[in-house]
Amino acid sequence: MKRKIISILLAASMVASLGLTGCGNSSSTKTSDTTQSTDKTDTTKDTTAATDGDKVTINWAIWDKDSSTYWTKLKEGFEEENPNITVELTDLGATDYNTVLATQLSGSGSTFDVVSIKDTACYSTLIEKNALEPLNDYITTEGIDLSQYNGITDQIKANDVLYELPFRNDTWVVYYNKDLFDAAGIDYPTNDMTFAEYDKLARSLSSNEFGKQVYGAHYHTWRSTIQLFGALDGTDILGGNYDFLKPYYETVLSEQADGVCQDYATLSTASLHYSNAFSQGNVAMLNIGSWFISTLITKLNAGEYDSSLCGNWGIVQYPHPEGVEAGTTIGTVTGIAVTSASEKKDAAWKFVQFASSEEGAKIVAETGSMPAIVTSEISAILASVPGFPLDQNSKEALTPTKVYMDIPYSKHSAEIDAVLSTYHKDIMNGDISVDDGIAKMNEDVQKVLAQ
Amino acid sequence: MENATKCIDVEKEKMISRKKRERKKNVVAYSFITPNFIGFAVFTLVPILFAFLLAFMEWDGSNQPTWAGTSNFQSVFSDSLFWKSIEHTIIYCIGTVPITMLLSLLLAIVLNQKVKGRAFFRTISFFPYVGSLVAITAVWTMIFNPTKGPVNAILYYVFHVANDNLPNWFAGKLVMVSYIMFSVWKYMGYYMVIYLAGLQNVNTELYEAASLDGANIFQKFRYVTLPQLRPTTFFVVVMLTINCFKIYDIAIMLAGGGDNKLGSSATVLVYYIYQNAFQFWKLGKSSAAALALFALVLIVTMIQFKGEERFAND
């Protein structure tokens, strides 16, 4: 009997230790402090920051340090003005940035004083976790004029409180390879193109000739590359009803079946990045955010991309549904925030203020990236970046008439985003029909909203 | 009379000294166990117990946890993705455990023979287990790429499978087949080594006796090798099952695409737990799903222990 009990206990512990270590990590994080959170919000503006002569080091969470040059340039620009404060960069990588950052900011304390906020999902998660310092008081004290952000700050307010300031503001555009249009003898796309015209154009450009394949369009594996088309009429992507996505999925799937764009499964299996797809010189049109401009310029200038394949490019405004004003597009805000756990909040705020100021915007613009503040001076800086497309269409493409947020702020943003991504994969892989996929999106998002 | 009391005294003394010796032995034993147990307690036992508690709470890892009763379980059990992930995990286990076991046993038996280059082939078989999962999956996804991979190229050019019918190995129903194939291939070598160790303990006299009784090679395998390998097989099955239920890395690496996300046709239970914990920060719901995994593994292991006991008694 005793032996039996021992063997049962042993079995149970074996199962527990092996079976649950898969989630053991989660559990061990869970054990961390459970009581700190409310204290965090009460933390008053801190004090440890620079009294004259004191050296302060602040830590800034970022992604892709090597491929985006503005991180280092902002740090250098700031340090020049504030010799007492040193900014350390911690690169968390782009793919799992949100998860890693939220994990680092869980529990008590944090090594980060300043964090970059990649998207709304990340922003809302961190606000829910009370990990970000409310900035309203700082903004009032410093008398920062929010109108310089052109209304972006109104869209990222959470119950009238700002927890981040925007330092980059990208809009979605269509990149096109002029050489492929020239070769096909087809006119370049324009800034006023309906979705149906865009589809027709993509079809007329594609060629399945062996060895000389041309894809009229390219859709990266993200859900946004297809779903955002449907949000251009202002439809709320968090609304819980996704029937409006049907025509866009059907169009893209039919393009896929006809070889107009590369197969989703192939792209997903090969983890092919859209930049690599465009650089191969066989993609005529690529829809992606304006952040790709600086990547393209940098890689072409460095000789990493063959300029004979993709060096002759331009941008036009996003194709819009019938009845929607031309120049309407989707915006993605990149923000910068102070962590509530930081012990050097004053220094951190100084840096946030610098990065989101006009001065910071100039530094960002010098690298060919789109800053959150755009003045005529900044537009001139952007245009002077070697390789920046200067034709009239491209210039106009970056001045949209109406911008909707890719995903607005809500406490459910992260979860809804995940639901939409899950069934996007299923639909694009052909695992379920468009109707079934959309029905599942509706069902699951409704459940999230009901919580 | 006096003699009898003396005798009892001596017995008593003997007993006391035996007890003392035993206690000393125990102290030594516990002192050896303690360092390991402290690590286990701090990093595994306490978090597991905490997870049990957390399953009845709502917590985002930062704010105060609040009592949630059984709402986490209700939320998990009404989630179609949870049931999908359970279904996929079970299919994966049912596919992986017997195939890995059979193939590793076969490999072990073959490589236990005195064949030329035995050490070389044993090493080769162990290679996949040693290789880095990330590197190996990168190669697999290239080989099985639906339009550019050599496997589909062979199907197309050699077997004349129509372009539209070429399989998409990492989506739909086939994704489970891919998981199973990959897992069997990668872990077969490891379990082969365990079986090889087991085979060294098989008493060779039994084979001689069986030969004398006129047993053929299959009868020898059935009536000598298999029963002798029973403890090894039991160990292999339990370990395989537990490891199978934990599938996560293989799924993410094979079907995660560039953004490490799984569609509903490729999702598995640990991914569901991970997603709820670290993307939605619903640690309570995630713990409730983790408890479901715990219960599942515990039940299966208990059944295996019971089965083993019955076998042993037969």
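The model is predicted; local features need pLDDT of at least 70, side-chain atom pairs count only at pLDDT 80 or more, and totals for chains, interfaces and linings use all residues. Residues are numbered from 1 along each chain as its sequence is written, while chains are lettered from A and ligands numbered from 1 in the order in which they are written.

Chain A contains 22 helices and nine strands. Helices (H or I, at least four residues) and strands (E, at least two) are DSSP runs, numbered from the N terminus. Of the 451 residues in chain A, 49% are buried. A residue counts as buried if 20 or more other C-beta atoms lie within 10 Å of its own, as exposed if 12 or fewer do, and as partly exposed in between, with C-beta atoms placed from the backbone. Among the contacts in chain A with a separation of 6 or more, 77% link residues 24 or more positions apart. Two residues are in contact if their C-beta atoms, placed from the backbone, lie within 7 Å.

Strand S4 (residues 165-177) of chain A has several partners. Two strands pair if DSSP finds at least two bridges between them. S4(A) runs antiparallel to strand S8 (residues 328-338) of chain A, with six bridges. Here A:Asp170 has A:Thr332 as its bridge partner. Strand S6 (residues 283-289) of chain A is also antiparallel to S4(A), and five bridges join them. A:Trp172 lies opposite A:Gly289 in S6(A), and A:Val174 lies opposite A:Asn287. Strand S7 (residues 313-317) of chain A pairs with S4(A) in the antiparallel sense, again over five bridges. In that pairing, A:Tyr175 is opposite A:Ile315. In a regular strand, side chains alternate between the two faces of the sheet. All 13 of the 13 residues of S4(A) are buried, so the strand is largely enclosed by the rest of the structure.

S6(A) is mostly covered too, with seven of its seven residues buried. S6(A) also pairs with strand S5 (residues 215-218) of chain A, in the parallel sense and over three bridges. A:Tyr215 has A:Val283 in S6(A) as its bridge partner.

Helix cover in chain A was examined next. Helix H17 (residues 345-355) of chain A is mostly covered, with 11 of its 11 residues buried. The buried residues of H17(A) include A:Lys345, A:Asp346 and A:Lys350, along with A:Trp349 and A:Phe351. A:Leu74 sits in helix H4 (residues 70-81) of chain A. A:Leu74 is buried, because 24 other C-beta atoms lie within 10 Å. Leaving out residues up to four places away in sequence, A:Leu74 touches A:Ala355, A:Gly360 and A:Ile363. A:Gly360 is 286 residues from A:Leu74 along the chain, yet their C-alpha atoms are separated by 6.6 Å.

Chain A is assigned two domains: domain 1 (53-170 + 332-402) and domain 2 (171-330 + 406-450). The bounds come from an automatic or database domain assignment. Taken over C-alpha atoms, the domain centres are separated by 26 Å. Their contact takes 31 residues from domain 1 and 32 residues from domain 2. On the domain 1 side, helix H6 (120-128) and helix H20 (392-397) of chain A are the elements giving two or more residues. H6(A) supplies the largest share, six residues. By class, this side has 12 nonpolar, 14 polar and five charged residues. Ala, Val, Leu, Ile, Met, Phe, Trp, Tyr, Cys and Pro count as nonpolar, Asp, Glu, Lys and Arg as charged, and the others, Gly among them, as polar.

The contact between the chains takes 54 residues from chain B and 54 residues from chain A. On the chain B side, the elements giving two or more residues are helices H1 (2-54), H10 (230-245), H12 (269-278) and H13 (283-313) of chain B. H13(B) gives the most, with 10 residues. This side has 29 nonpolar, 20 polar and five charged residues.

H10(B) has 16 residues and reaches 23 Å from its first C-alpha to its last, close to the 22 Å expected at 1.5 Å a residue. The expected span is 1.5 Å times one less than the number of residues. Buried residues of H10(B) include B:Thr232, B:Val236, B:Leu240 and B:Phe245.

An unreviewed UniProt entry places the feature "transmembrane region" at residues 27-57, 89-111, 123-146, 232-256 and 288-305 of chain B. UniProt positions are given in the numbering used here, feature names are shortened, and annotations may be inferred rather than shown by experiment. Residues 123-146 of chain B are 79% helix and 0% strand, with end C-alpha atoms 31 Å apart. Residues 288-305 of chain B are 100% helix and 0% strand, with end C-alpha atoms 25 Å apart.
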